[in-house]
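Here's a quick walk through a two-chain model, one piece at a time. Have the viewer open and follow along.

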Amino acid sequence: MPQRTPLAEWHENNRGRMVDFAGWSMPVQYSSIVSEHLGTRKGVGVFDVSHMGRVAVEGNQAAEWLDSMLTRQVVDLPVCRARYTLITGVAGEEDNVQLDGAPVILDDALVTRLADQKDGSQRFVLVVNASNRQRVVRWLQARLPPEGVTLNDTTEDSAMIAVQGPLVFGHTAEDVFAGPLGSVFGKKVLQQLATLPNYGVLETELSGEPVLVSRTGYTGEDGVEIILGSSQALGLWKCLVEEGSAIPCGLGSRDTLRLEAAMPLYGHELCEKTDPFSAGLGFAVNIDGREFPGAEEIRTRRSSSDRCRIGLVFESRRAARSGDHVLVSKNGTDSICGEITSGSFSPTCERGIALAVVDRAIAEQECELEVLVRGVRLPAKLVSLPFYRRHRHD
Amino acid sequence: MEKSRRYAKSHEWARLEDDGSVTVGISAYAVEALTDLVFMQLPDVGATVTAGESFGEIESVKAVSDLYAPISGTVVAANTDLPSQLETLGSDPYGSGWVVRVQPDSVEQLEALMDQEAYDKLIGGE
C-alpha cells in the first residue's frame, strides 16, 4: 500500500488522478496538465508536495557536520536561508547503504538553516526527494558523530504545500492580501513573506502551531513552500483553494513547469553516476578547499568533464523523451553526440522541449541537431536555458 | 452486419459504413483517460494495417501511445484535419473525431470485436 499524505482524501474526492509515485499515492492531475500548468504561469497553483522528505538536523555541531556531508558550503549559510545542494556518498556498504563504485550522487536537496536554539544549538531542515529519502536518511545516520548532532526524519509527521505563481502576492506590493495567502496569514506575517528574498525562509505560526515558509519552488514562478504539521495541512489547502482561488495542481504539471524552468530532476538530469559539471550543476558543488564524501573524485571529474547540458526546442509538438539519442550531422555522416535527459510538450512554448547532455564541442558551435524519437528524426534547435523565465517585479 | 460501433480491447472503435469501408476512431473513454493530447501520427492512404498492430501514435503531455488497428485492411482515408484539432477527439469522438477509414480484408473481422454492452462492461471494470 502506498503511503498517503494528509491531503490524499481531498485529492480523491476532487477528481485527482492518483498514481503510486515513489511509494506515495499522489495526484498526477485534477483537470488537465496543460490547464494546471498555464494556471500556475498566469495565476496561482498549489501543489501537495508532502511526499518530499523532510529531515531535521540539530545540535551544537550540526553546521560543521552538514558542511562535511554536503557538496555545498553550510557553515556560512545565514539563519533563515535555504541553499540547493547535492548529497554525495562513497563506495562500499555502510549500515545497509550499498554504494557500488565511488562516489555517487545520492540526491539533490535544499538545506535550510533555522534560528539557533537559546543554548546555541543549530537547527537545519533538509528537503530531499521522496524516491531517495530512506537511503539518504540511512546514509546520513550512519555518519553521525558520536555527539553534537541529532537527525530526525519528520516526513510522516508533517506536510508540505507549494504555492506558486505570479499572483501569490497579488499584483503589486500594496496588494499582498489579494493573493491566496491573504486568507491564511495575518497582515504582519504576509508583509514579511512578501519581502522575503528568494531562498529566504520565515518561521512563523498558523493557529498557534509552528510553520516554515520558504521563498522557494520548483516551477520557475515566484511563490512559497510551506512545511507544517500533518493536522493543519487540510485546513491550509482548503483555505488556499476555496477562499484563495488557487488552482490545485498535480505532479504532471509540476514536471512540465520545472522542465520549462530547466530545473533538474533526480533520476533524469542527475543520477548516481552523473558528473555534476556536465549536468550544469557546478554551482551546487563548492569544491575548493572543502571535503565531503567523494570530493576528490569529483575534483578529477571537473577537469575531465567533456560533456555539457543543453536545451533543445523542436518544431514539432511531439516530444523527445528521456534516453532518446541526439544526432549531429557532419560532412554527411551522422553520429550520436548525446542523449535526452527530460523532454515534454511545453504548454508555454506550445512545442516539444528537452534537456540533453551532449559532447561539449556540440554546444560550442552552430550545428544541425536531430533527435531520434521513436524511429523518427526530429530537427531540434539549440537554445539558451531556461526555456521559461518569469518577469520580475523587483 | 449491423452498423453499430464495435470496440477493440485497446479502446479503438470500428463502424461498418454503407460503402463497405470501416471507420476507425478512439473511444470517448480512452480520450478522457489520455488527456492533454498534443500530437498524432496518422498512416498514409494506401497503407495496409493489421488487426492488433500499431497503425499510428497519439501523444499526450505525459506519454506516447500506439493506436492499434481493430481490423486488417487498407487505409482508404485519413482524417488529416485531426492532428491540428486534437480537441475534436474529445468533443466528437464518434463523428468528426474519426481517425481513419479502412477497406477491410473481410467484414467478418468486426464480429471478433466487442459490442457496446461488452465494451461498457470492460471500461466499467477498469
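This is a predicted model: local features need pLDDT of at least 70, side-chain atom pairs count only at pLDDT 80 or more; totals for chains, interfaces and linings use all residues.

Strand β17 (residues 307-314) of chain A runs antiparallel to strand β20 (residues 351-359) of chain A, and seven bridges join them. If you want one to click on, A:R307 has A:D359 in β20(A) as its bridge partner.

In chain A, six strands form a closed barrel in the order β17-β20-β19-β18-β21-β22, with antiparallel pairing. From one strand to the next, the twist averages 45°. Helix α7 (residues 251-260) of chain A lies across β19 (333-346) and β20 of that chain, at about 130° to β19(A).

Now for another chain A helix, α6 (residues 230-243). Buried in α6(A) are A:Q232, A:A233, A:L236, A:W237 and A:L240. Looking down the axis, the buried residues of α6(A) fall within an arc of 135°, so they line one face of the helix. A:E242 and A:E243, on the other side of α6(A), are exposed. The cover over the buried residues includes α1 (8-13), β4 (45-48), β12 (158-164) and β15 (223-229) of chain A, along with β13 (201-206) and β14 (209-214). Just after α6(A) comes A:S245, with a positive phi of about 55°.

Over in chain B, strand β6 (residues 54-60) is worth a look. Five of its seven residues are buried, so β6 of chain B is largely enclosed by the rest of the structure. Its pairings in chain B look like this:

| Partner of β6(B) | Sense | Bridges | Example pair |
|---|---|---|---|
| β4(B), residues 37-41 | antiparallel | four | B:Q41 and B:E57 |
| β7(B), residues 64-68 | antiparallel | five | B:E59 and B:V64 |

A hairpin links β6(B) to β7(B) through three residues. As a reminder of what holds such pairs together, strands of a sheet pair through backbone hydrogen bonds, either parallel or antiparallel.

Finally, how do the chains meet? Eight residues of chain B are in contact with 13 residues of chain A. On the chain B side, four of the residues touching chain A are nonpolar, one is polar and three are charged.

Key
Residues are numbered from 1 along each chain as its sequence is written. Chains are lettered from A and ligands numbered from 1 in the order in which they are written. Two residues are in contact if their C-beta atoms, placed from the backbone, lie within 7 Å. Ala, Val, Leu, Ile, Met, Phe, Trp, Tyr, Cys and Pro count as nonpolar, Asp, Glu, Lys and Arg as charged, and the others, Gly among them, as polar. Two strands pair if DSSP finds at least two bridges between them. Helices (H or I, at least four residues) and strands (E, at least two) are DSSP runs, numbered from the N terminus. Axes are lines fitted to C-alpha atoms, for helices over the stretch in contact, and angles run from 0 to 180 degrees between N-to-C directions. A residue is buried if 20 or more other C-beta atoms lie within 10 Å of its own, exposed if 12 or fewer, and partly exposed in between; C-beta atoms are placed from the backbone. The arc is that of the directions from the helix axis to the C-beta atoms.
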